[in-house]
Each structure stands twice: as structure tokens, then as C-alpha cells.
Amino acid sequence: MPSSWIGAVMLPLSGLLLCLPAGADVKARSCGEVRQAYGAKGFSLVDIPYQEIAGEHLRICPQEYTCCTTEMEDKLSQQSKLEFENLVEETSHFVRTTFVSRHKKFDEFFRELLENAEKSLNDMFVRTYGMLYMQNSEVFQDLFTELKRYYTGGNVNLEEMLNDFWARLLERMFQLINPQYHFNEDYLECVSKYTDQLKPFGDVPRKLKIQVTRAFIAARTFVQGLTVGREVANRVSKVSPTPGCIRALMKMLYCPYCRGLPTVRPCNNYCLNVMKGCLANQADLDTEWNLFIDAMLLVAERLEGPFNIESVMDPIDVKISEAIMNMQENSMQVSAKVFQGCGQPKPAPALRSARSAPENFNTRFRPYNPEERPTTAAGTSLDRLVTDIKEKLKLSKKVWSALPYTICKDERVTAGTSNEEECWNGHSKARYLPEIMNDGLTNQINNPEVDVDITRPDTFIRQQIMALRVMTNKLKNAYNGNDVNFQDTSDESSGSGSGSGCMDDVCPTEFEFVTTEAPAADPDRREEDSSAARLSHSLLSLSVACVVLTLQRLCR
């Protein structure tokens with residue numbers, strides 16, 4: 001063959017070789033594995049290539065030979081978003097269930113504790129005081145109604161409510177120990193003003209005020225804390241990834257599919273940078289969350305010790321009975337001083353002063369056995385409940401900043417720390433070289449995987465931070481025995497429900513701090529536990545017996 005002919009043949013061949021992509025195989029690779037993996041996700045295999053095709057159409061994955069069409073890339077992008085949302089919910093499952101289940105148990109415990117205390121007092125007073133108690137039972141019913149209303153979030157001033165209870169009780173008892181007189185409303189109002197000065201009930205009202213106020217503030221605030229923790233955890237666990245995050249998730253989780261490597265998982269450090277970028281705002285919640293958990297633990301310690309509502313409510317009937325007996329024993333002195341201050345009352349009609357004595361003065365109650373302490377719907381005592389919740393709360397610290405690490409440890413997500421060479425690094429199967437970012441929004445300014453606008457913090461997360469901050473302040477005050485009401489003074493409403501991420505009393509914009517301090521701590525707070533023993537030793541005169549205010553009970 002002439003040399004000119006040879007040259008003419010070689011030129012077209014060399015032009016053909018120049019048209020092939022550098023480093024590409026002459027024969028396209030099969031997409032069989034990708035089709036199988038794609039189908040396993042529940043997607044249709046219609047129009048899915050059997051062999052790699054040119055990738056100029058791809059918007060997220062590398063634009064090289066690919067097994068992905070535009071439609072596949074879109075569907076896998078949505079799949080990556082869905083899987084990310086599910087991963088966050090799964091990872092935060094422990095903290096969410098902790099607050100949900102413990103809130104339910106504590107709420108059941110406190111509500112039934114109040115019900116049991118009211119029933120115990122009612123049963124005891126009916127047996128001991130009979131008809132005269134039943135005729136005046138609304139005084140005691142109102143006491144428990146107000147205590148329940150306070151616990152459930154009502155606007156109740158505990159000190160004022162307890163003062164009102166003792167004033168009303170004094171009015172009723174004053175009439176009963178002086179049946180020979182008639183008292184109008186003005187006179188009885190004058191009588192109630194002597195409650196503090198004469199101390200007709202002894203030291204019981206002062207001690208009970210200290211104990212009830214501290215215990216109810218701690219109990220209500222602690223349950224409110226469990227409610228806020230539950231709501232914040234539920235809201236934060238429902239993430240809404242940004243477009244930049246979704247692109248990064250797609251690139252990390254499913255671009256290996258498009259490259260024909262469906263079994264290759266992302267490198268661990270690569271995953272961490274993607275998750276730190278996607279969960280940057282959640283990580284910023286951590287500081288306030290940890291302070292909130294610390295405050296919850298402090299109040300839990302109070303519930304175990306001096307602010308134990310169970311030790312206050314369990315014997316409240318005995319304590320009130322002791323107060324009634326103090327009034328009986330001092331009835332003559334009290335009456336004399338009231339008559340001196342309020343004037344001599346008018347005599348009552350003859351029928352009113354001729355009341356019959358009670359049917360039974362010899363009622364005896366078996367001694368109270370602490371081992372028979374009733375349990376509530378929660379099935380356990382307060383001490384055991386508190387011990388359990390303290391352990392769970394400690395485990396929930398730093399939960400939000402730990403989310404990226406927990407997710408990237410999941411073997412369903414990454415190749416693990418032991419396989420750093422044979423993992424997907426965002427471009428190919430090789431080691432991931434960039435450094436790992438620190439936690440939080442501001443530290444994502446140079447995140448190599450996720451475009452994060454650090455100048456625009458997530459408003460929703462900031463609402464949750466505010467909710468935690470408000471609750472932490474309440475808990476700190478409850479720890480000191482003080483009740484703080486946060487009142488929104490702005491004209492704007494923060495709203496409620498999933499739209500705003502706020503709930504009642506959680507996301508106000510401005511606050512007035514209205515503090516009600518509990519009385520000073522009493523070092524002899526437990527000495528009244530022995531008071532029931534006095535009840536069986538009192539011999540009341542017949543004139544006092546006629547008012548049926550005798551309590552002869554050793555103890556519960």
C-alpha cells in the first residue's frame with residue numbers, strides 16, 4: 001500500500017481516538033447493581049439505563065459517566081431528605097420518650113396524691129366530726145380545689161389562699177365554740193382579722209404554709225419543666241433541611257449510585273461535616289438545653305428532700321386536725337380577746353344554743369404504718385420516681401450537639417471509622433481529606449460540604465432556646481422556694497401550635513417577673529409528724545364536745 005494511502009487511513013482513526021474522554025473505558029459499564037439497589041428503594045425501573053450514559057444533565061452529582069437520569073437524581077434527592085429527617089427523629093427518640101413518659105408518670109402521681117389526700121381527710125373528718133364537718137366541708141373542699149388549680153397552672157397565690165383557708169376555718173369554728181351567740185357577716189370578718197395576732201391554731205398554719213408553698217412550687221415547676229422539655233424535643237427533632245443541606249445529603253448518600261457504586265458508603269468524617277452543616281442550628285440549642293437539664297436536676301433534688309410534696313400531703317389531715325385541737329384548747333382565751341376587740345355579740349335564739357353532743361367520742365384509729373404508704377397511678381413513691389428521672393436527665397445532656405456523631409456512627413449511614421480508604425468522599429471511592437468542622441452555626445462558615453448562611457439563625461430554633469431560658473429561670477426560682485410568673489406584656493402574640501413553635505407561657509417576647517417568696521425555711525419542719533400522738537390524750541369538756549371538734553386518733 002502506498003504511504004499516502006496509509007496516512008489517509010490513520011488521520012480519521014486518530015480523530016476518533018481524540019473524541020474519546022480521557023481515561024474512559026471504550027465499553028460503558030453496566031448499571032445492573034444500581035438498578036437492583038434503586039428498585040429495592042421502591043422506585044420504578046422504567047427508563048433507568050442498563051449501562052452508563054453521559055452525565056452532563058446532572059445538577060448535584062459529578063457530571064461524568066453515570067447511571068442516573070435527571071428523574072433519578074430528583075427522586076434520590078427527595079429520598080435523601082426523607083432519610084435524613086427519619087434519622088434525626090430516630091436518634092432523638094430516647095430524649096423525646098424520656099420526657100413524654102416521665103411527664104405522664106409525674107403528672108399522674110401528683111394528681112392522685114392530691115385526690116388521695118382529699119379523700120383521706122374527708123373520710124377521717126366524717127368519722128371523727130360527723131355532721132358538723134359535713135355542714136362545713138366546703139371550707140376543706142375549696143382548699144383542695146385551689147391546690148389542684150395551682151398545680152394545673154391556675155393563677156393562685158398559695159400564701160393568700162392558705163391564709164384565706166385558716167381565716168374561714170376560724171370563722172366557722174368560732175361560731176361552733178360560741179353557739180350561745182349570733183354573729184353577722186361583719187362580726188365574722190372582724191374575727192378573721194385576728195387569725196395572725198391570736199394564732200388560734202397554734203404554729204400549724206405557719207409550718208404548713210412553708211411546707212405546702214415550697215412543695216407545690218417545686219412539684220408544679222418540675223412538671224412544667226418536663227412539659228417544656230417534651231415540647232422542645234418533639235419540635236427540634238422534626239427538622240426542615242435547607243436546599244443547601246438537601247444537596248449535600250444527596251451528594252453524600254446517593255451520588256455513589258449515580259457513579260455505579262451503590263454499595264460504597266460515605267466516609268465517617270465526610271458524614272460529620274455534612275451533618276454539622278445540616279444541624280448547625282440544633283447544635284446551638286445545646287448550651288441552653290444543658291442549663292435547663294442542670295436546673296431540672298436541682299429541683300429534682302429538692303423534691304427528694306425538703307420540698308417533698310408526698311411528705312406534706314400524706315399527713316395533711318392530721319396536721320389540720322392538730323390545728324383544730326389547738327383552737328379547742330385555747331377557745332376561751334381566743335373568744336375573750338375577740339370579744340374585747342370586736343365587741344360583745346348578741347345572744348343567739350334558745351334553740352341554737354341547745355345542741356346535742358356527738359354520738360361517739362371513743363373512735364380509735366389504728367396506728368399509721370409507713371410501710372403501708374399508698375402508691376399512686378405511677379405505681380411508685382416520689383423518691384423512686386425522682387431517682388429514675390434524674391438518671392434519664394443526665395443522659396440527655398449534650399444530646400443536640402451529639403446528633404451528627406450519633407447519626408454518623410450508624411452502620412446504615414457510613415463506612416465507619418475503620419474503613420477510611422474504601423469509602424465515598426463526595427467524588428470517588430477514596431479517603432476524605434478536609435478537616436472536621438466544630439459545632440454550631442458560626443463554625444460552619446468554611447464548611448466544605450454544606451452552604452450555610454451563618455448570618456441567618458433559624459427563628460424556630462431561637463424560639464426553643466427562649467422557651468428553655470424562661471423555664472430554666474422558673475426552675476432556679478423553684479429551687480429557692482420562689483414562684484415566678486412570666487407574663488407577656490407585649491401586644492404581639494407569639495401564637496401556639498406547630499406553626500410558631502411556641503406554647504402558652506413559653507415564648508413571650510417581654511416579661512414581667514412577679515415573684516412570690518415562700519416563708520423562710522423552718523428547721524423543725526418534721527416535728528409535727530409526732531403531733532398525732534397528742535390527739536388520743538385530750539379530754540375535752542362537755543361544753544366543747546358539743547361542737548364535735550374532737551380528734552382522738554393516734555395517727556393515720
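Tutor: By class, the lining of the second largest pocket has 12 nonpolar, 5 polar and 6 charged residues. Nonpolar here takes in Ala, Val, Leu, Ile, Met, Phe, Trp, Tyr, Cys and Pro, charged is Asp, Glu, Lys and Arg, and the others, Gly among them, are polar. Keep in mind that this is a predicted model, where local features need pLDDT of at least 70, side-chain atom pairs count only at pLDDT 80 or more, and totals for chains, interfaces and linings use all residues. Residues are numbered from 1 along each chain as its sequence is written, and side-chain values use heavy atoms, with hydrogens and water left out.

Student: What makes a residue part of the lining, and which ones lie nearest the centre of the second largest pocket?

Tutor: A lining residue has an atom within 4 Å of a pocket point; the pocket itself is an open set on a 1 Å grid over the protein atoms alone, where a 1.4 Å probe fits, with protein on both sides within 12 Å along at least five of seven lines. The lining comes to 23 residues, and Ser240, Thr242, Cys278, Asn281 and Asp458 lie nearest the centre. Helix 14 gives the largest share, 3 residues.

Student: How do you know that Cys31 and Cys67 form a disulfide?

Tutor: The rule asks for a pair of cysteine sulfur atoms within 2.5 Å. Cys31 and Cys67 have an S to S distance of 2.1 Å, so the pair is a disulfide. By this rule the count comes to 7 disulfides.

Student: Why is the disulfide of Cys61 and Cys255 called left-handed?

Tutor: The torsion about its S-S bond is about -90°, so the disulfide of Cys61 and Cys255 is left-handed. Their sulfur atoms are 2.0 Å apart.

Student: And what makes Cys61 and Cys255 buried?

Tutor: Buried means under 20% relative accessible area (1.4 Å probe, protein chains only). Cys61 has 4%, so Cys61 is buried, and Cys255 has 0%, so Cys255 is buried too.

Student: Which hand does the disulfide of Cys267 and Cys423 have, left or right?

Tutor: Right-handed, because the torsion about the S-S bond of Cys267 and Cys423 is about 90°. Cys267 lies in the loop between helix 12 and helix 13 and Cys423 in the loop between helix 21 and helix 22, so the pair ties together parts 156 residues apart in sequence. Helices here are DSSP runs (H or I, at least four residues), numbered from the N terminus.

Note on methods
Helix = DSSP H or I, 4+ residues; strand = E, 2+ residues; numbered from the N terminus. Buried < 20%, exposed > 50% of the residue type's maximum accessible area, 1.4 Å probe, protein only.
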